[in-house]
Amino acid sequence: MSKIDHPLTNLRGVVFDVDGVLSPSLIPMSEDGVPTRMANLKDGYALQFAVKCGLKIAIISGANTESLRTRYGALGIHDIFLGSAQKLPILYKWMEDNDLKPEEVAYVGDDIPDIPPMQSVGLAVAPADAAVEVKQIARYITSSCGGYGVARELLEQILRAKGQWMKDTKAFGW
C-alpha cells in the first residue's frame, strides 16, 4: 500500500529537479567555483529501473553542468533539460512530445522555481527539506531530504503500485 494519495497506476511520467531533489541543497564548490554535486546510488538504481519499466523520466534543472547530463544519461534518461530558467514551458513541451496528460505526470521539486510546474501536473512531490511554499502545494512530501533517496522513495511506490517492483530478472541488474 502506498503512502501517496494519488492513483499511482495512472502515472506514466515523472520529472525531477536536480539541486535539492536528486542532490542535496548543500553543494560543495571546487577551488575554481564550480559546484560539485553528489548523486544517490539508490536513486540511480530506481531511475534506471523505472526507465526499463517504461516510465517516462525527465530532468529539468536550472543547473547547467555537463556532469549532470553524463550521470543521468548513463541511467538511460534521454530527456535532460539543463540551464532551464523557466521550467513550465519545458514541462509542457515534454508532456506534448510524450503524449502525456497532466494527471499522468508527477513533478518533484524543492524550491520556488518548481512551483509553476508542480501546480501543472497530477502529482506534486516535495522532499522533506523543501521550501515551505513548495511543501504547501505538494500532494506528497517524501520522508527523505533532497539527495538522500527522494527518487527511490517515489519511484519504488509507483512501480510497486504498477506491480513492476522486483517483478522479474531485469530488477536485479543495472
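Which residues does Leu47 touch, not counting residues up to four places away in sequence?

## Basis of the model

This is a predicted model, in which local features need pLDDT of at least 70 and side-chain atom pairs count only at pLDDT 80 or more, while totals for chains, interfaces and linings use all residues. Residues are numbered from 1 along each chain as its sequence is written, and side-chain values use heavy atoms, with hydrogens and water left out.

## Leu47 and the nonpolar cores

With contact taken as heavy atoms within 4.5 Å, Leu47 touches Phe16, Leu22, Ile57, Tyr72, Leu75, Ile77, Ala151 and Leu155. Leu47, Phe16 and Leu155 have the most contacts inside the largest nonpolar core, which has 36 residues. At least two residues of this core come from each of β1 (13-16), α1 (41-52), β2 (56-60), α2 (66-74), β4 (105-108), β5 (123-126) and α6 (150-161), and α6 gives the most, with 6 residues. Apart from this core lies another, of 18 residues, among them Trp94, Leu100, Ala130 and Val134.

A nonpolar core here is a set of buried Ala, Val, Leu, Ile, Met, Phe, Trp, Tyr and Cys residues joined through side-chain atoms within 4.5 Å; buried means under 20% relative accessible area, exposed over 50%, and partly exposed in between (1.4 Å probe, protein chains only). Helices (H or I, at least four residues) and strands (E, at least two) are DSSP runs, numbered from the N terminus.

## Strand β4 and its partners

Strands pair if DSSP finds at least two bridges between them. β4 runs parallel to β1, joined by 4 bridges, with Val105 as the bridge partner of Gly13; β4 also pairs with β5 in the parallel sense over 3 bridges, where Val108 stands opposite Val125. Val105 and Tyr107 point one way from β4, Ala106 and Val108 point the other way, and all are buried.
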